[in-house]
Amino acid sequence: MKHLFLRLAAFWKLAMLPALVKMGFWGAGAIALLDSSSIPVPMDAYLAIAIWNAKGQFWAYVLMASAGSAIGGLLPYALGRAGGELFLMKRINRQRFEAIRARFEKQEFLAVMIPSMLPPPAPWKVFIFASGVFEMRVLPFMLAVFCGRMVRWFILAFLVIKLGPGAADIVAHHALAVVGVVGLLAVGGFAIWWMRRKRAGKTV
């Protein structure tokens, strides 16, 4: 079994991954799909190099990777929806479980979008799995992942264009600062959206 796993890993690294990289931004979508669903890939590092080599198409890489991540996230989402509450509770304590549940009950869209914006080591798949456990609707789920990933990778693209492909390392080594900035942007954006929605409701 171990030998088979090693052969599959070698096939992925030596054959499949290089083939997908050659597909440009379409390959970025496929790699992000695999990263979100089953095969971990250092997406920030990959996108940093890809965007540096194709600066004029940075937006296509960001959009395709975001879409691929949203589609790939459907696998852990479906596993959670199929009855993953006990599985989730085996990996996090009861207090953490209840805290995540409270987030989804209060604002499920942000409960998925904000973790999708954050770089590793943020426990993204815990929230994706939880979105299925707490029965978030599919389309809002995919939109939340897409929006979160898009914000994260547009910021990365901006840093890459300004600072070079080493920007991925800057993000990795300053994850807490990035988390803080992204979190403030998310909260500020949501506050503006909520105020506009409230005003529109008053005028109806």
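**Exercise 1.** Which residues in α8 meet which residues in α9?

*Solution.* Before we start, a word on the model: it is predicted, with local features needing pLDDT of at least 70 and side-chain atom pairs counting only at pLDDT 80 or more, while totals for chains, interfaces and linings use all residues. Residues are numbered from 1 along each chain as its sequence is written, and side-chain values use heavy atoms, leaving out hydrogens and water.

Step 1. Look along α8 for Trp-124, Ile-128 and Ser-131; they meet Phe-141, Val-145 and Arg-149 of α9 (contact means heavy atoms within 4.5 Å).

Step 2. Sort the residues of this contact by class: four are nonpolar, one is polar and one is charged (Ala, Val, Leu, Ile, Met, Phe, Trp, Tyr, Cys and Pro count as nonpolar, Asp, Glu, Lys and Arg as charged, and the others, Gly among them, as polar).

**Exercise 2.** Work out how helices α8 and α9 are oriented.

*Solution.* Step 1. Find α8 at residues 124-133 and α9 at residues 138-163 (helices are DSSP runs of H or I, at least four residues, numbered from the N terminus).

Step 2. Their packing angle is about 160°, and their axes lie 11 Å apart (axes are lines fitted to C-alpha atoms over the stretch in contact, and angles run from 0 to 180 degrees between N-to-C directions).

Step 3. Therefore α8 is roughly antiparallel to α9 (angles over 145 degrees count as such).

**Exercise 3.** Identify which helix gives the most to the lining of the second largest pocket.

*Solution.* Step 1. Two elements, α7 (94-117) and α8, each give two or more residues to this lining.

Step 2. α7 gives the most, with six residues.

Key. Parallel < 35°, antiparallel > 145°, perpendicular 65-115°, else oblique.
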